[in-house]
Amino acid sequence: MGLTPDEILNHEFTKKGSRAYVASEVDAFLDQINSDYEALIAARDQLTHENAALQAKVDELEAKREQVNQSIFVAQEAADRLKQDADAEVKKQLMHAQESATKIISDARTKAEAEATHLAQENADLVQEQNALRAEVENFKDSFLKLLTQQRTLLENDELAEAVHRLPMGEATTHRVGSAEGAATPAPEMAAEAVVAVEATTDAEQGPVVVFPEAERPDNN
């Protein structure tokens, strides 16, 4: 710009006489002012146009920014909602897993306790059965030793013959003895072998049992 506001304000025209100005200088100055101001107006209009364009861009960007902010807000709400849903689902799954784990542990503990009780009962039954078998073996051993002792005593004290002598005679034996006495003849020799089964000879128990073989009948020829 050729002129400043101060130059316009302080410009002095050449006076022709006491009050007159040189017309050519005034016209030239006005032309310069006009030119400058036309340039200023054009520049202003250009700036105004550019400003309007820039403002439109600003408005457009502001609208986009608002849209982006709105999208961000919606996305944030969706993210928060998804996070809440995910947290709720995680808590639900975690609670379900804990309940399942608790139930599995409880069932396993109950089964283990029942199995332990069953095994303990089986062990107790086996121990009881073993003790019963051991007692039965001991009783059998004692009874067998007692029987052997009684048989040895009978053999050593000659009590077997006395026990046989005290036995009642059977019907067949009585008949043979009677026949032998009636005939007044000596009876044929009888077999000396006998099968003897001896049991305990206490006052409350039965005495020895002796089984004699049948004697051979003499021929009548």
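How many aromatic pairs does a search of the whole structure find? The search finds 1 aromatic pair, and the legends below place that pair among other features of this predicted model.

**Figure 1. Overview of the elements in the predicted model.** The protein has 4 helices and 4 strands. Read from the N terminus, the order of the elements is α-β-β-α-α-α-β-β. Of the 221 residues in the protein, 6% are buried. The protein exposes about 19,200 Å², and 57% of this area is supplied by carbon and sulfur atoms. For contacts between residues at least 6 apart in sequence, 49% join residues at least 24 apart.

**Figure 2. Helix α2 from end to end, residues 23–157.** Helix α2 holds 135 residues. At 1.5 Å a residue, a helix of 135 residues should span 201 Å. The buried residues of α2 are Val26, Phe29, Ile33, Asp36, Gln150 and Leu154.

**Figure 3. Ile33, a buried residue of helix α2.** Ile33 is found in helix α2. Its relative accessible area is 15%; buried means under 20%, so Ile33 counts as buried. Ile8 is 25 residues away from Ile33 along the chain, and the C-alpha atoms of these residues are separated by 8.3 Å.

**Figure 4. The aromatic pair of Phe140 and Phe144.** A pair of aromatic rings is described by the distance of the centres and the angle of the planes. For Phe140 and Phe144, the ring centres are 6.1 Å apart and the planes stand at 15°. Centres within 6.5 Å make a pair, and planes under 30 degrees apart count as stacked; the rings of Phe140 and Phe144 are therefore a stacked pair. Phe140 has its place in helix α2. Along helix α2, Phe140 and Phe144 are 4 residues apart, which means that about one helical turn separates them.

**Figure 5. The surface around Phe140 and Phe144.** Is Phe140 buried or exposed? Phe140 has a relative accessible area of 59%. Exposed means over 50%, so Phe140 is exposed. Phe144 has a relative accessibility of 42% and counts as partly exposed. Together with Leu145 and Leu148, Phe140 and Phe144 make a nonpolar surface patch of about 410 Å².

**Figure 6. The salt bridge of Glu62 and Arg65.** A search of the whole structure finds 5 salt bridges. One of them joins the side chains of Glu62 and Arg65, with a distance of 2.1 Å from N to O. Glu62 and Arg65 are 3 residues apart in helix α2, so they are separated by about one helical turn. Glu62, at 36% relative accessibility, counts as partly exposed. Arg65 is also partly exposed, with a relative accessible area of 41%.

**Figure 7. The salt bridge of Lys83 and Asp87.** Which residue forms a salt bridge with Asp87? The partner is Lys83, and the closest N and O atoms are 3.2 Å apart. Both residues lie in helix α2, where Asp87 and Lys83 are 4 residues apart, about one turn of the helix. Asp87 has a relative accessibility of 33% and counts as partly exposed. Lys83 counts as exposed, at 52% relative accessibility.

**Figure 8. The salt bridge of Lys103 and Asp107.** The side chains of Lys103 and Asp107 meet in a salt bridge with an N to O distance of 2.9 Å. In helix α2, Asp107 and Lys103 are 4 residues apart, so about one helical turn lies between them. Asp107 is partly exposed, at 40% relative accessibility. Lys103, at 54% relative accessibility, counts as exposed.

Note on methods
Residues numbered from 1 in each chain as written. Predicted model: local features only at pLDDT ≥ 70, side-chain atom pairs only at ≥ 80, totals over all residues. Heavy atoms only, no water. Helix = DSSP H or I, 4+ residues; strand = E, 2+ residues; numbered from the N terminus. Expected span 1.5 Å × (residues − 1). Buried < 20%, exposed > 50% of the residue type's maximum accessible area, 1.4 Å probe, protein only. Phe/Tyr/Trp six-rings, centres within 6.5 Å; stacked < 30°, edge-to-face > 60°. Patch = residues over 30% accessible without salt bridge, like charges linked within 9 Å, V, L, I, M, F, W, Y side chains within 5 Å. Areas by Shrake-Rupley, 256 points an atom, 1.4 Å probe, with all protein chains shown as cover. Salt bridge = Lys/Arg side-chain N within 4 Å of Asp/Glu carboxyl O. Contact = heavy atoms within 4.5 Å.
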